[in-house]
Amino acid sequence: MHPLHALAEHHRVAVAYHDQEGRRWPASDADLVAVLAALGVPIAHPDHAEDALRAARWSWATDILEPVQVVWSDRTPQAAFRLHRGAAFGGFRLRVGADLEVSGRLEHTPATAETEVDGQPFVHLRVDLPRHPAVGYHPVDLTFNGLEARGWLVSAPAQTPEARRGWGLFAPTYALRSRDDWGIGTLRHLEHLNRMAQDRGASWVGTLPLLATFLDRPFDPSPYSPVSRRFWNELHLDLDALPEVQVDGPPRQALRDLRARAAQEAWQDRTHVDHRAIYPAVRAVLEACAEKCHTTPNLRDGLERWADSFPAVDAYARFRAHTERSNAVWHQWAGGRLPADAADSTPNGRLHRYAQFRLFEQMHALRAHSKANGAGLYLDLPLGVHPDGFDAWADQDCFVAGFSVGAPPDNLAPEGQDWGFRPFHPQRIREARYGPWIASIRHHCEVAKMLRIDHVMGLHRLFWVPFERGATAGTYVRLHEDELWATLSVEAARTGCALVGEDLGTVPPEVRERMGRHGVRRMYVAQFELRPDDNQPLRSIPDGAVVSLNTHDTPTFEGFWQHRDIADRRARGILDPASAARENDKRAHLLHCLIERLKREGRLGGDSSVEVFSALWLRLAEGPGTVNLVNLEDLWLEPEPQNVPGTQDAERNWCRRTRLSLEQVEDSPELRQFFDALSGPC
């Protein structure tokens, strides 16, 4: 093998990949060198590969304990280490955590493999542990011949928590409309939807990510580009429920002012959320509440107790406050460092600290209310974080500079996709013991009953896009998937949170094998499962899947019915007239096959979209899926999508409001009848 390719494989960098049509695309030498250099490998030219490979292999061989090891509950508990053959003699003691210990002699420990590096032999030793460590994370200490090595072990349950069978409603929280809103949906309205759904027999309520986003400078309201995956979005706070507004004073007056401005500017009547107008008005309320909380002893004591148990909030508050005060993102700060005079005690710092405290309370109250009624929240974990955000700043060493994550060219995006956020460094995130990743999973599992892992293939590999050359020049880089799956399983088990993986698109076989092994539910999106077959127009539903007609990145049912997504791709130049005509013909044939099958089954009399929607949903609900998730907007045949992938229109994507209010949905006899019918098979 060419030294450059061998070096790339050593560092888990793909030298080629296959697209969705099965075609092989090799990575150029220049791309491989660029990725390896970004990983910290000393290479600037392919000719440097041989020396760099020798150094990398020697470094690996002499690393006695891997930074992370995994023990699964369904396998023999073991710990491994690696030694030069000449040092593999004498007594050793290996400790895992505080109460597991194995001792013996190295020369009596069987070797599972042997590796030669530069003519030097290294043996791989593995010892059985007396029992499985408790589920969680444990330090590993190895002592031998007067030397000591340390590592970290993850003890993980092989199966993640199960999910109860049932149906649920899905809607973006910001989109929810109600009689008492001020132009945006909040946790009050999510709780309203939750209660309404439960009253009609639903077991789940799903929504888009609720994480903090940039809503001033920079401006990016996308829920999939969060400032942090560890903090909630203050714009979703139920302001009416805040303790500080319950009595007369500046907080209550600020809330009155917000409502007055909302009425004057008719925010409630708008078809889209005006983030730029609403956010400053909400901030004014939060500023008054934060001041009240910090100057009222009993309120301040509650905040301080919470902050003591959640220490990261102080750094987050300082980061957000300085970003706002300096009007500059952290890449523009001197050395990328937070100045010494940045304090969470500034007005802006107090605001963010206070907002997270109240969001924590309200999110946990929402979960408690759902659990008491036998239902649960279905939340969504984004794949990455905003490159200018808190996580990217706080954990700089764990991210790779010069590259973003995306997707290679395909039929929908011929130029590939650049999603704009940085990838984790595969080795440095291990050395950090997956701290940022674990914190983000824990943050969600503590309030969700089911968590959707966006682009679950990212647990295995990510497509790296070089900043200057675009997605046509990228390649895949593998992570340590066993360790990521293990930490995910631990966090889900601790809270009883079921998991679903977004496994749409090109999915390597090992991804679904892992999902099945650990009980992580697949997704079944009917739009993608249609076939031009009169007898079987829909592919079979996998057991335990989460079933839906669409997602936030696809057209709604009515938009699909009207071929609006095809028209949009034609308007954006992705399809030429001839290609668009072929796509329209294919779509019409798919829908024809579906309609004819539903008629033969006696489920359908006419062929209107509303009739087909109802018949199709009841058919899907009888299948083996665990969760049947109904898009709230499909109930009134909304034709417009919430997001159009590949477009960057922040004034149209991620901000469209529902056409009907929650009260209108609640009072509709037709929808009540549909819910009753759906509850039968589910």
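**Helix packing, strand pairing and a buried loop threonine**

Helix H7 (residues 297-309) packs with helix H9 (residues 347-372) at an angle of about 85°, their axes lying 10 Å apart; axes are lines fitted to C-alpha atoms, for helices over the stretch in contact, and angles run from 0 to 180 degrees between N-to-C directions. H7 and H9 are therefore roughly perpendicular to each other, a class that spans 65 to 115 degrees, with angles under 35 degrees counted as roughly parallel, over 145 as roughly antiparallel and the rest as oblique. H7 contributes Leu-299, Gly-302, Leu-303, Glu-304, Trp-306 and Ala-307 to the contact, and H9 contributes Arg-353, Gln-356, Phe-357, Arg-358 and Phe-360 (contact: heavy atoms within 4.5 Å). The residues of this contact comprise 6 nonpolar, 2 polar and 3 charged.

The model is predicted, local features need pLDDT of at least 70, side-chain atom pairs count only at pLDDT 80 or more, and totals for chains, interfaces and linings use all residues. Residues are numbered from 1 along each chain as its sequence is written, and side-chain values use heavy atoms, with hydrogens and water left out. Helices (H or I, at least four residues) and strands (E, at least two) are DSSP runs, numbered from the N terminus.

In helix H2 (residues 29-38), the buried residues are Asp-31, Leu-32, Val-33, Val-35 and Leu-36 (buried: under 20% relative accessible area; exposed: over 50%; partly exposed: in between; 1.4 Å probe, protein chains only). These buried residues pack against helix H1 (3-10) and against strands E16 (403-407), E19 (461-466) and E20 (475-478).

Strand E19 is mostly covered, with 6 of its 6 residues buried. Arg-461, Phe-463 and Val-465 are buried on one side of E19, and Leu-462, Trp-464 and Pro-466 are buried on the other. E19 pairs with E16 in the antiparallel sense over 4 bridges, pairing being assigned if DSSP finds at least two bridges between two strands. Ser-404 has Val-465 of E19 as its bridge partner. E19 also pairs with E20, again antiparallel and over 4 bridges, and Phe-463 has Tyr-476 of E20 as its bridge partner.

Thr-213 lies in the loop between strand E12 (204-206) and strand E13 (214-215). Thr-213 counts as buried because its relative accessibility is 3%. Its side chain forms a polar contact of 3.3 Å with that of Asn-233. Beyond neighbours within four places in sequence, the residues in contact with Thr-213 include Asp-220, Pro-221, Val-227 and Arg-320. A polar contact is a pair of N or O atoms within 3.5 Å; within protein, one must be able to donate a hydrogen and the other to accept it, and residues adjacent in sequence count only if both atoms are side-chain atoms.

Key: Nonpolar A, V, L, I, M, F, W, Y, C, P; charged D, E, K, R; others polar.
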